[in-house]
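Trainee: I have a structure open and would like to go through it with you. Can we start?

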Amino acid sequence: VREKDLYSQKDVLIFGGGDSALDWTVELSSIAKSVTLIHRRDEFRGAPNTESQMRVLIEEGKVHLKTPYVIDSLLGEESINGVLIKNFETKEIETLNCDEIIFLFGLNKKLGPVVDWGLDLEGKKVSVDTEKFETNVKGIFAVGDINNYPGKLDLILSGFHETTLAVQHAYKRCFPG
């Protein structure tokens, strides 16, 4: 969200369950026509204080909460004017109209099918060498929060560095010589 005033007097849908989703739900509730927060569960990963503020706004009727829902599809021809959301448990589909949508999906720490790739793992992180940021499987590189090595810092700046080195080596692999 770069310009808060863009959401003034509009029906806003916010998808997410972390700090950003909670923060913007609380912040925009004072200027938007309506704010609806949609999340796949009724548990949030944001700051407890902000979640409490959001729940007070729900009790006051200033925010609507839709859980456990996920997005099914977007509605609109020239521009988006609504969404279909699906109840995660009942599979029931519901239509929500809107003027604006904000997607604030955070990090999913589940490795999914990556666990079956034969990579050396340390918990939920992939081990890499620090020269190329290549895993134990040749041609598979890992950068950012997913990788692990001695002295690893989970910082954006570190991720930029790791990516630069990994891309250089991946390029050489794709175009030898």
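Mentor: What follows covers helices, salt bridges, a surface patch and some backbone details, all in a predicted model.

Trainee: Helices, then. What span should helix H3 have, and what does it have in the model?

Mentor: H3 runs over residues 156–174, and at 1.5 Å a residue its 19 residues should span 27 Å. The end C-alpha atoms are 26 Å apart, which agrees.

Trainee: Which residues of H3 are buried?

Mentor: Ser 158, Gly 159, Glu 162, Ala 166 and His 169 are the buried residues of H3. They cover an arc of only 105° around the axis, which puts them on the same side of H3.

Trainee: Why would residues a few places apart point the same way?

Mentor: An α-helix has 3.6 residues a turn, so residues three or four places apart point the same way.

Trainee: What do the buried residues of H3 pack against?

Mentor: They pack against strand E10, residues 147–148. The face of H3 turned away from that buried side carries the exposed residues Ile 156, Leu 157, Phe 160, Tyr 171, Lys 172 and Cys 174.

Trainee: And H2? Which residues are buried there?

Mentor: Thr 50, Glu 51, Met 54 and Leu 57 are buried in H2. Seen down the helix axis, the buried residues of H2 fall within an arc of 120°, so they line one face. On the other side, Pro 48, Asn 49 and Glu 59 are exposed.

Trainee: What covers the buried residues of H2?

Mentor: The cover includes H1 and strand E2, residues 34–38.

Trainee: How does the span of H2 work out?

Mentor: H2 has 12 residues, 48–59, and should span 16 Å at 1.5 Å a residue. Its end C-alpha atoms are 17 Å apart, which agrees. Just after H2, Gly 61 takes a positive phi of about 80°.

Trainee: Switching to charges. How many salt bridges are there in the whole structure?

Mentor: A search of the whole structure finds 12. One of them joins the side chains of Lys 4 and Glu 27, at 2.5 Å from N to O. Lys 4 lies in the segment before strand E1 (11–15) and Glu 27 in helix H1 (residues 19–28), so this pair ties together parts that are 23 residues apart in sequence.

Trainee: What does Lys 62 pair with?

Mentor: The side chain of Lys 62 meets that of Glu 60 in a salt bridge, at 3.5 Å from N to O. Glu 60 is partly exposed, with a relative accessible area of 47%, and Lys 62 is also partly exposed, at 47%.

Trainee: Which residue forms a salt bridge with Lys 152?

Mentor: Asp 154 does, with the closest N and O atoms 3.9 Å apart. Lys 152 is buried, at 16% relative accessible area, whereas Asp 154 is partly exposed, at 43%. Salt bridges that share partners join Lys 125, Lys 152, Asp 154 and Glu 162 into one network. Glu 162 is also among the buried residues of H3.

Trainee: Which residues form the nonpolar patch on the surface?

Mentor: Ile 71, Leu 74, Ile 80, Phe 103 and Phe 105 form it, with about 450 Å² of accessible area together. Leu 74 is in strand E4, residues 69–75, and is partly exposed, with a relative accessible area of 44%.

Trainee: Last topic, the backbone. Where is the cis peptide bond?

Mentor: It joins Thr 67 and Pro 68, with omega about -10°. Pro 68 is in the loop between strand E3 (64–66) and E4.

Trainee: Which residues have a positive phi although they are not glycines?

Mentor: Gln 9 has a phi of about 60°, and Lys 91 has one of about 70°. Gln 9 is in the segment before E1 and is exposed, at 57% relative accessible area. Lys 91 is in the loop between strand E5 (82–87) and strand E6 (93–97); Lys 91 is exposed too, at 53%.

Notes: Residues are numbered from 1 along each chain as its sequence is written. Side-chain values use heavy atoms; hydrogens and water are left out. Patches are made of residues with over 30% relative accessible area and no salt bridge: like charges are joined within 9 Å, nonpolar side chains (Val, Leu, Ile, Met, Phe, Trp, Tyr) within 5 Å. Accessible areas come from the Shrake-Rupley method with a 1.4 Å probe; for residues, only the protein chains shown count as cover. A salt bridge is a side-chain nitrogen of Lys or Arg within 4 Å of a carboxyl oxygen of Asp or Glu. Helices (H or I, at least four residues) and strands (E, at least two) are DSSP runs, numbered from the N terminus. Buried means under 20% relative accessible area, exposed over 50%, partly exposed in between (1.4 Å probe, protein chains only). The expected span of a helix is 1.5 Å times one less than its number of residues. The arc is that of the directions from the helix axis to the C-beta atoms. Contact means heavy atoms within 4.5 Å.
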